[in-house]
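Please read the following report alongside the sequence and the coordinates.

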Amino acid sequence: MNAQTMRRIRQLHLYIGVFFLPAILFFAISGGLQAFRLQQASGWDGAPPPAWMAWMGSVHIDQTVPHAEQSKQPAAAKAPADPVKEAERAARKRAALPMKIFVAVLAAALALSALLGAAIALNSRATRRTAVLMLVAGTAVPLALLLA
């Protein structure tokens with residue numbers, strides 16, 4: 001490819017990356033939390049999760065904000081625990097822990113990479129104005145769709 005084509009491709013990559021930066025950050029963080037089920041009561045040993053985590057989980061999983069009736073639903077009564085099934089569940093949890101840690105590290109790395117990309121994009125005077133506009137649009141569009 002010639003230099004002009006590569007310059008245009010890099011510029012397109014920059015604008016697409018900055019536009020989707022807010023969503024990438026959101027989904028990286030909420031996905032990292034979901035690896036440990038922190039958006040659910042089961043991730044907190046039955047206690048309700050912090051409201052912001054439940055909100056992020058709802059947006060990530062259902063692409064909607066939680067409604068009041070969803071958050072006020074009573075917790076289901078637990079059936080008496082079968083010791084064998086509980087031991088199997090605990091063993092599966094231990095086996096899954098390395099992958100969960102990897103997913104959490106992956107989410108943190110994706111968020112950091114996105115922030116570094118934004119710093120690079122916003123550092124260039126030649127593209128700063130358009131990059132800022134794309135960043136604002138990339139924040140406003142999903143919020144408008146979510147709250148509509």
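## Helix 5

Helix 5 covers 20 residues (128-147), and at 1.5 Å a residue these should span 28 Å, which agrees with the 28 Å between its end C-alpha atoms; the expected span is 1.5 Å times one less than the number of residues. Helices here are DSSP runs of H or I with at least four residues, numbered from the N terminus. The model is a predicted one, in which local features need pLDDT of at least 70 and side-chain atom pairs count only at pLDDT 80 or more, whereas totals for chains, interfaces and linings use all residues. Residues are numbered from 1 along each chain as its sequence is written, and side-chain values use heavy atoms, with hydrogens and water left out.

The buried residues of helix 5 are A131, G138 and L146, where buried means under 20% relative accessible area, exposed over 50% and partly exposed in between, for a 1.4 Å probe and protein chains only. Seen down the axis of helix 5, these buried residues fall within an arc of 45°, so they line one face of the helix; the arc is that of the directions from the helix axis to the C-beta atoms. On the face turned away from the buried side, helix 5 carries the exposed residues R129, L133, V136 and L147.

## The second largest pocket

The second largest pocket holds about 430 Å³ of space. A pocket is an open set of points on a 1 Å grid over the protein atoms alone, with protein on both sides within 12 Å along at least five of seven lines, and its lining residues have an atom within 4 Å of a point; the volume is the space filled by probe spheres set on the points, which are joined across faces, edges and corners.

Of the 16 lining residues, A23, F26, F27, P142 and L143 lie nearest the centre of the pocket. Helix 5 gives the most to this lining, with 7 residues, while helix 1 (3-35) and helix 2 (51-62) are among the helices that each supply at least two. The lining divides into 13 nonpolar, 3 polar and no charged residues, with Ala, Val, Leu, Ile, Met, Phe, Trp, Tyr, Cys and Pro counted as nonpolar, Asp, Glu, Lys and Arg as charged, and the others, Gly among them, as polar.

## The largest nonpolar core

The largest nonpolar core has 7 residues, namely F26, L33, M53, M56, V59, V65 and L146. Helix 2 gives the most to this core, with 3 residues. Such a core is a set of buried Ala, Val, Leu, Ile, Met, Phe, Trp, Tyr and Cys residues joined through side-chain atoms within 4.5 Å.

## Positive phi in two loops

R37, in the loop between helix 1 and helix 2, has a positive phi near 55° although it is a residue other than glycine, and it is partly exposed at a relative accessible area of 45%. Q63, in the loop between helix 2 and helix 3 (68-71), also has a positive phi, of about 55°, without being a glycine; at 55% relative accessibility, Q63 counts as exposed.

Conventions
On a 1 Å grid over the protein atoms alone, a cavity is a set of points where a 1.4 Å probe fits but cannot get out, and a pocket is an open set with protein on both sides within 12 Å along at least five of seven lines; lining residues have an atom within 4 Å of a point.
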